[in-house]
Amino acid sequence: MHASFHFYDYQSLAVTSMTLQLTLSFSLCHVSGLSLNMAHKLVQVTLCLWVFTSLLLPSPTAGLYRVSLKKQRLNLNRFKAARIAMSGGGMLHNYGSSDGEVIPLKNYMDAQYYGVIAIGSPPQNFTVLFDTGSSNLWVPSSKCYFSIACYFHSKYKSSRSSTYTKIGKPCEINYGSGSISGFFSQDNVEVGGVVVRDQVFVEATREGSFPTFVLAKFDGILGLGFQEISVGNATPVWYNMLNQDVVREDVFSFWLNRDPSANEGGELVFGGVDPKHYKGKHTYVPVTRKGYWQFDMGDFLIGNNSTGVCEGGCAAIVDSGTSLLAGPTAVVTEINHAIGAEGVVSAECKEVVSQYGDLIWELLVSGVQPDKVCTQIGLCVLNGTRYMSGIKTVVEKENMEGLSAGDQLLCTTCQMTVFWIQSQLKQKGTKDTVLNYVNELCQSLPSPMGESVIDCARISLMPDITFIIGDKPFKLTPDQYIVKMGEGITTVCVSGFMALDVSPPRGPLWILGDVFMGVYHTVFDYGNLEIGFAEAA
């Protein structure tokens, strides 16, 4: 309450200051007008009216509340660990849907951008990750005794806050290979100079996954997703900012500074956008499903060539909680091949190409639908009959009962082979050329161990990658999608893309993390349920 009082008092001072400026400006205009001839008076009056009007009109940045973001340099070992976690099932975050479906989305091990908030009266400061891919606020509790991670981070002490309210309801937030558990509490939370009263949050008493939270630069996470995915249906901080009328507009925006030598990591703006953060105009697309900030993306291009995977549209999620660009394995494999990233030579992949490549070609040329090819050649089965469900490596367990791991792998490999051949057929390649190309792709399959190191000297030779969003191209150059770690002779270059396969109808799915958000200023418009992208300044 004390902090809240000072906030509103500051606004009163600002209004008083503006009144004083108006009075002085009007007086000066009046005095000056007496000493000029009529022509000059008209000019002076016009100038006075302009000054008077400009003082009355709010500044484009008035009413904006800012959180300065710090940036953590990516570490190669942590980056690889993040890729391993996601490729192996990763951090599964409950989407909150009626069927309890989960999507492998995030693990926070590669998170880079974070800022400071305060909880309680007097305020206790915490460094948090502002995450559009989750919706709860949690910080370590002073009652966290048995998790090593808690001893490396700031802990909330309810006994020291005069505005604390006990709730005590237990909860657990699962991310798959990492989770936190604790109980709900209520207190005032200060974000970017704004005090949000009576905010429900989680005091974490246990933090799982040793490397994820022990090594993290942040103490906790402040979710900026929708309440639909909030554990315990807790009202998110952003919702309470709106409910308590502390922001001017139902909008927040991210500007991420991709300059590795800059001291300023970026800025999160609540209540609108800062025109200094972007160039041109934003392209807006509607939110298609509340939960994550999800929208429909169009085609995906490598160089000037369509991959074909998103011709009918793909779901995409904008996620400030990850640095990665994640997409279907088949497409990431083609990207790896195009940029020369090292992968895993897949024996199963080469086996399918050598034994079934000709047959797959003939079936596709004869007009057999791509989703029926692997069924007809006998590499995919379902409940004793043949199985086909689109390109994916993550499949529903109930649909795959009775299949060995080897059968599933051959089925998946066949599906990718069909996709690659079909894509090349559209470009009118000859059979020998296409099968040789597909055989090369087998050597570029994303490594489950995260080994995607590339030759830094080849960056200038790599193709641009383009996402079609709102019927407009959003291009990433090699310098923008290749992640550099280290300095000088120790510099290591790593592909910013990783594989993520999500089953239809939810997939195919793309995750656009900090690599994308650093290039394109991103607006999250809650009032109109839209997401906007513009070139970052």
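Colleague: About 40 Å³ of space lies in the second largest cavity. What makes a set of grid points a cavity?

Modeller: This is a predicted model, in which local features need pLDDT of at least 70 and side-chain atom pairs pLDDT 80 or more, while totals for chains, interfaces and linings use all residues. Numbering runs from 1 along each chain as its sequence is written, and side-chain values use heavy atoms, without hydrogens or water. On a 1 Å grid over the protein atoms alone, a cavity is a set of points where a 1.4 Å probe fits but cannot get out. Its volume is the space filled by probe spheres set on the points, which are joined across faces, edges and corners. The whole structure has three cavities of 30 Å³ or more.

Colleague: Which residues line the second largest cavity?

Modeller: L69, Y113, Y114, F130, F254, L256, S320 and D514. Lining residues have an atom within 4 Å of a point. Strand 4 (113–119) and strand 11 (251–256) each give two or more of them. Strands here are DSSP runs of E, at least two residues, and helices are runs of H or I, at least four, numbered from the N terminus.

Colleague: Why is helix 6 (residues 329–339) called largely enclosed?

Modeller: Nine of its 11 residues are buried, so the rest of the structure largely encloses helix 6. Buried means under 20% relative accessible area, exposed over 50%, and partly exposed in between (1.4 Å probe, protein chains only). The buried residues include V331, E334 and I339. Just after helix 6, G340 takes a positive phi of about 75°.

Colleague: Is Q294 buried or exposed?

Modeller: Buried, because its relative accessible area is 6%, and the limit is under 20%. Q294 sits in strand 14 (residues 294–297).

Colleague: What makes K290 and E228 a salt bridge?

Modeller: Their closest N and O atoms are 3.7 Å apart. A salt bridge needs a side-chain nitrogen of Lys or Arg within 4 Å of a carboxyl oxygen of Asp or Glu, so the pair qualifies. K290 and E228 are 62 residues apart in the chain. K290 is partly exposed at 34%, and E228 is partly exposed at 38%.

Colleague: What ties helix 7 (residues 347–365) to helix 10 (residues 431–441)?

Modeller: D358 and K431 meet in a salt bridge, 3.6 Å from N to O. D358 lies in helix 7 and K431 in helix 10, so the pair ties together parts 73 residues apart in sequence. K431 also bridges to E362, with the closest N and O atoms 3.7 Å apart. E362 is in helix 7, 69 residues from K431.

Conventions
On a 1 Å grid over the protein atoms alone, a cavity is a set of points where a 1.4 Å probe fits but cannot get out, and a pocket is an open set with protein on both sides within 12 Å along at least five of seven lines; lining residues have an atom within 4 Å of a point.
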